[in-house]
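Visitor: I would like a close look at one part of this protein. Please take me through it step by step.

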Amino acid sequence: WPTPHEVGGPRRIWVCDTVNWKNTIDLGNVRYQAPWADLRGDFAIMAQNGVAKLFDGRTGVLHSVLVSSGGMVVILSPSGDRFVTCAGAEVKIWDSETRVELATLIGHRPGNFVSRLGWSNLGNFFATGATDQTIVLWDALRLRQMQTLRGLQDTPDTDLFGFNNDD
């Protein structure tokens, strides 16, 4: 699995059965890296052509969720119980187990693209950064916008985007 700082590719993603040591799912040669892929606990998620592919390591099942008709970015909560997808300026939060959309959140200006995502360490908050040069902080428990930070000089950088260790 590529780290967020690795670039290039292609990468091969294999899901293996560690009891029988068999390759159970091969997602082929793809360029999956943050913010188009994430891994937390028993879950892995990848975004491709508007579809979120969520692998549940507890069951060994790969689920596909149609989110949009175009590109998007994805991230899993620290516990893996929820995931966020962003297509354009639209932010959606989902339940990982049921793959049911919990909320659609609007905070960035229409016509812009959310390019960065980050969860707080405890999973209570997440942040999105977009091409409108804003960062929006979201309450993941109450499913609402908390604050918008404006005045960035450019789109948020992936290496500098996220929460510190004490939330």
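Predicted model: local features only at pLDDT ≥ 70, side-chain atom pairs only at ≥ 80, totals over all residues.

How many aromatic pairs does the structure hold?

Guide: The structure holds three aromatic pairs. One of them joins Phe83 and Trp94. Their ring centres are 5.8 Å apart and their planes meet at 5°, so the pair counts as stacked. The cut-off for stacking is planes under 30 degrees apart. Phe83 sits in strand S8 (residues 82-87) and Trp94 in strand S9 (residues 90-95), so the pair ties together parts eleven residues apart in sequence. Phe83 has a relative accessible area of 0%. Trp94 has 6%. Each value is under 20%, the limit for buried, so both residues qualify.

Stay with Phe83. Neighbours within four places in sequence are left aside in what follows. Phe83 is then in contact with Ile45, Ala52, Leu54, Ile75 and Leu76, and also with Lys92, Ile93, Trp94, Asp95 and Ser96. Take Asp95 from that list. Phe83 and Asp95 are twelve residues apart in sequence, yet 6.6 Å apart in space, C-alpha to C-alpha.

Now widen the view to the whole of S8. Six of its six residues are buried, so the strand is largely enclosed by the rest of the structure. Its side chains point two ways. Arg82, Val84 and Cys86 point one way. Phe83, Thr85 and Ala87 point the other way. Residues on both faces are buried.

Begin with strand S7 (residues 73-76). S7 and S8 pair in the antiparallel sense over four bridges. Ile75 stands opposite Val84 in S8. Ile75 is also one of the contacts of Phe83. The S7 and S8 hairpin has five residues between the strands. There Gly80 takes a positive phi near 85°.

Next comes S9. Six bridges join S8 to S9, and the two run antiparallel. Arg82 stands opposite Asp95 in S9. The S8 and S9 hairpin has two residues between the strands. Gly88 takes a positive phi near 65° in this hairpin.

Follow the chain past S9. Arg99 lies in the loop between S9 and strand S10 (101-106). Its phi is near 60°, a positive value in a residue other than glycine. Most residues other than glycine have a negative phi. Arg99 is partly exposed, with a relative accessible area of 25%. That value falls between the 20% and 50% limits, so neither buried nor exposed applies to Arg99.

Gln133 is partly exposed, at 31% relative accessible area.

An open sheet of four strands has the order S11-S12-S13-S14, with antiparallel pairing. Strand S11 (114-119) and strand S14 (144-149) stand at the edges. Each has a single partner strand, so one side of each is left without a neighbour in the sheet. The twist averages 20° from one strand to the next. Five bridges join strand S13 (residues 135-139) to S14, and these strands run antiparallel. The bridge partner of Ile135 in S14 is Leu149.

Phe126 is buried, and so is Trp138. Their ring centres are 6.0 Å apart and their planes are at 20°, so this pair is stacked. Phe126 is in strand S12 (residues 125-130) and Trp138 in strand S13, twelve residues apart, and the pair links distant parts of the chain. Ring pairs link Trp119, Phe126 and Trp138 into a cluster.

Last, the setting. The protein chain has zero helices and 14 strands. Of its 167 residues, 44% count as buried. Among contacts with a separation of 6 or more, 38% come from residues 24 or more positions apart. The accessible surface of the chain comes to about 9,000 Å². Carbon and sulfur atoms account for 49% of that surface.

Terms used
Residues numbered from 1 in each chain as written. Heavy atoms only, no water. Pairing = 2+ DSSP bridges. Axes fitted to C-alpha atoms, helices over the stretch in contact; angles between N-to-C directions. Phe/Tyr/Trp six-rings, centres within 6.5 Å; stacked < 30°, edge-to-face > 60°. Buried < 20%, exposed > 50% of the residue type's maximum accessible area, 1.4 Å probe, protein only. Contact = heavy atoms within 4.5 Å. Areas by Shrake-Rupley, 256 points an atom, 1.4 Å probe, with all protein chains shown as cover.
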